Amino acid sequence: MVNEALRRVPNTNGDKNLDQVNQIRESLAMMGENSTAFSLPQPHLQRTKLCDMRDDELDPAYVMKRDQLKELVGSIILPKIVQGKTLNGKEFVSFLEQILEALNKGEIPSTGSLVEVFNKGILERCLKLYSELISRVKLPLPENSLQENHERSRESAMKAFDEQHFGRHHAKRSAMQLEEEIDKVYKNVILANEYRSSKLCESLYTRCEDKMDQLQVLRLPSMAKFNAGFLQCNQSFEQECVGPSKLNYEQRMMKMMGKSKSLFIKEYNQRLFNWLVAFSLVMVVIGRFVIKFILIEIGAWIMFIFLETYTRMFWSAETLYYNPIWHFIVATWETLVYNPILDLDRWVIPIVMMGALVLLYWRCYGRRKPSSRSLLPLFNNHKSGSARPRSD
């Protein structure tokens, strides 16, 4: 009956529909050349419960015929070979699932289309392999490093496809499709790398910008401390900012830090000059009223007069900052304010408070000499008689 149903029907009129039907019959006949008819009795009257029944609950005749069918299938079964390659169990199940899916959709399978459908499953597995490998890469990365990881992941996926694919001509189409799918995934990875690089460099740029703003408002201006913060910020940005956004943020970073340095240098000399003037006045007060040491007071007055009178009379504002004496003052100031042992800008308030407490204590208690007089009045009696008041 099967052979008769699949026999080719003559087409003398050249009907295209009939030719298509004959092609279907030939394909099905090739697939069913070794078919063997085998009937099975009904397992049980309650068909809806068959999946939950044990063998002892089924019809004995059905169980016997089923065992005979297993023996028959085991005796005639042969390995499935597609395009010269033997399929294992999982591949054969996948092959049948793809065929059934194509039949259920009304598609007409042919040898080439079946190979393409089967290669589709391999393509999906290889694409998944590429996605897993590229997802292990920690973003952001420089573009060349990301490209190298992409090439390695792509080679692994293509190698797995070459080891599993079926056919040559049809496999080329699947390989091209795999390349296209890999490129799509890689484009998304590139976008993700750009986004994460931008976020990272933006945070580093903002941190450096805040750092520069803090250095602009130091309590005690220090060029050494500014240069140390400038160098640290620049080094951290160079080391941590990676990815395609680095070049753009490097340019922004150079402009921002250049402006910050120019502004700091512009105000540095004037702020230092004002601090020295204030320091001289404070030392005048301390030497005059607190410590009462004339040499400190005289030195402070000389410093104040020099800064406010001599420099303004004989030096202009521009030439002052290029004078060797001013350079010596600046070097001394920098050594005191910022050095590896002490950052005076950070500790200036606690030091001033402690110094004020020490001076106050020394002023109130340190200079007081212990008195030898008793708290109660003493009366001295003389042997020769006490002194009497003179009477007028």
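Below is a short exchange on the helix packing and nonpolar cores of this predicted model.

User: Why are α8 and α9 called roughly antiparallel?

Analyst: The axes of α8 (residues 223–240) and α9 (residues 246–290) cross at roughly 180 degrees. Angles over 145 degrees count as roughly antiparallel. The α8 and α9 pair is therefore roughly antiparallel. Their axes also come within 12 Å.

User: Which residues of α8 and α9 meet?

Analyst: From α8, they include M223, F226, F230, C233 and F237. From α9, they include Y249, M253, M257, F264 and Y268. Contact here means heavy atoms within 4.5 Å. By class, the residues of this contact divide into 11 nonpolar, three polar and four charged.

User: What makes the set around M212, M253 and W333 a nonpolar core?

Analyst: A nonpolar core needs buried residues of the listed kinds, Met and Trp among them, joined through side-chain atoms within 4.5 Å. The largest such core has 29 residues. M212, M253, M256, M257, Y268 and W333 have the most contacts inside it. Elements giving two or more residues to this core are α7 (169–216), α8, α9 and α12 (324–337). The largest share, 10 residues, comes from α9.

User: What does M212 touch?

Analyst: Leaving out residues up to four places away in sequence, M212 touches F226, G229, F230, C233, M256, M257 and S260.

User: How many residues of the protein chain count as buried?

Analyst: Of its 392 residues, 27% count as buried. The cut-off is under 20% relative accessible area.

Terms used:
Residues numbered from 1 in each chain as written. Predicted model: local features only at pLDDT ≥ 70, side-chain atom pairs only at ≥ 80, totals over all residues. Heavy atoms only, no water. Buried < 20%, exposed > 50% of the residue type's maximum accessible area, 1.4 Å probe, protein only. Axes fitted to C-alpha atoms, helices over the stretch in contact; angles between N-to-C directions. Helix = DSSP H or I, 4+ residues; strand = E, 2+ residues; numbered from the N terminus. Parallel < 35°, antiparallel > 145°, perpendicular 65-115°, else oblique. Nonpolar A, V, L, I, M, F, W, Y, C, P; charged D, E, K, R; others polar.
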